[in-house]
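Thanks for sending this one over. Here are my notes on the charged side chains, point by point.

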Amino acid sequence: MVDRRLTLEWIHGIVALTLGLFLLGVSPNVRFLRNVVDFVGSVLSVPEHPAVRFREFLQELYLWSRDKSDLTRQLEVLKNENAKLQIANSVIMAEQIKSELDMRMEDARVTLREPHSWWNEVRIDKGLNDGIIMGLPVFQNGFLVGRVSSVSAFSSWVELLTSSALMIPVVIEETRELGVVVGNSNGAVLLTYIPEGRGIEKGMKVSTALIGELLPSGIPIGAIADEGKASSDNGYMTYKIEPGAFMSRLYTVSVLKHSGGIVR
């Protein structure tokens, strides 16, 4: 015997399916049904909106993370390339400076050092025809010896650091204190006009201060050789300087010519 309840359920299912297919077929042409569908869609969009926004957030987060990784890699590449360019630039500049120094440095031989002015001046065998002009710095082993004081066509005279007639503004490299280096015409080189209490110590290095175009700053002169003593000028100290050059043994020297070339 057929179950009556089961038969009714089958009939209801077939009717509902038929009605659903009918509504699905006619819904595009019925404005009322369109409105119903739109209303249902707008109602369902309310609980759906957070999920959509969360999905968009995850997509944006993924794209941001991917872009950040790409930018980080590109930044590292640029850093490496920049470091290489800096090294290359430093090498090129060093070679240019060396080449310029080689062109500007003129070796000279000391041809005369008179006994009565032993600590004041020497004569060298380079003159105006070699591009030597007054005021140029003269070196021995990279340390300042003096400055050209007079020039003739084939020779020049150099005023020495030990001369009392030559005064050179200097700076103490460790403290950046400014002073004046002057000789006593008896073999000594002194650092003067240093105010008391500036912490100047033995061994600190002394180099030229910014003076002018002919005598660049930073040229090494020597080092402080003693603890210093108060000078006759109130508030100032005087220190003895140990020159880097061998002032008593000047046989050959070098002259740093002007960057503008030979001046006649």
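1. Some housekeeping. This is a predicted model, where local features need pLDDT of at least 70 and side-chain atom pairs count only at pLDDT 80 or more, while totals for chains, interfaces and linings use all residues. Residues are numbered from 1 along each chain as its sequence is written, and side-chain values use heavy atoms, with hydrogens and water left out.

2. How many salt bridges does a search of the whole structure find? Five, where a salt bridge is a side-chain nitrogen of Lys or Arg within 4 Å of a carboxyl oxygen of Asp or Glu.

3. Take Glu106 again. The side chain of Glu106 meets that of Lys126 in a salt bridge, 3.6 Å from N to O. Lys126 sits in the loop between β2 and β3 (137-140) and Glu106 in strand β1, so this pair ties together parts that are 20 residues apart in sequence. (Strands here are DSSP runs of E, at least two residues; helices are runs of H or I, at least four; both are numbered from the N terminus.)

4. Glu106 also has a salt bridge with Lys257, with the closest N and O atoms 3.2 Å apart. That pair links distant parts of the chain: Lys257 is in the segment after β13 (252-256) and Glu106 in strand β1, 151 residues apart. Both Lys257 and Glu106 are buried. Put together, Glu106, Lys126 and Lys257 are linked in a network of salt bridges.

5. Arg53 and Glu56 make a salt bridge at 2.4 Å, N to O. Both lie in helix α2 (residues 31-104), three residues apart, or about one turn of the helix. Arg53 is partly exposed at 46% relative accessible area, and Glu56 is partly exposed at 26%.

6. Now have a look at Arg113, in the loop between β1 (105-112) and β2 (121-124). What lies 2.8 Å from a polar atom of the Arg113 side chain? The backbone oxygen of Trp118 does, and the backbone oxygen of Met247 also lies 2.8 Å from a polar atom of that side chain.

Key:
Polar contact = N/O pair within 3.5 Å; in protein donor to acceptor, adjacent residues only side chain to side chain. Buried < 20%, exposed > 50% of the residue type's maximum accessible area, 1.4 Å probe, protein only.
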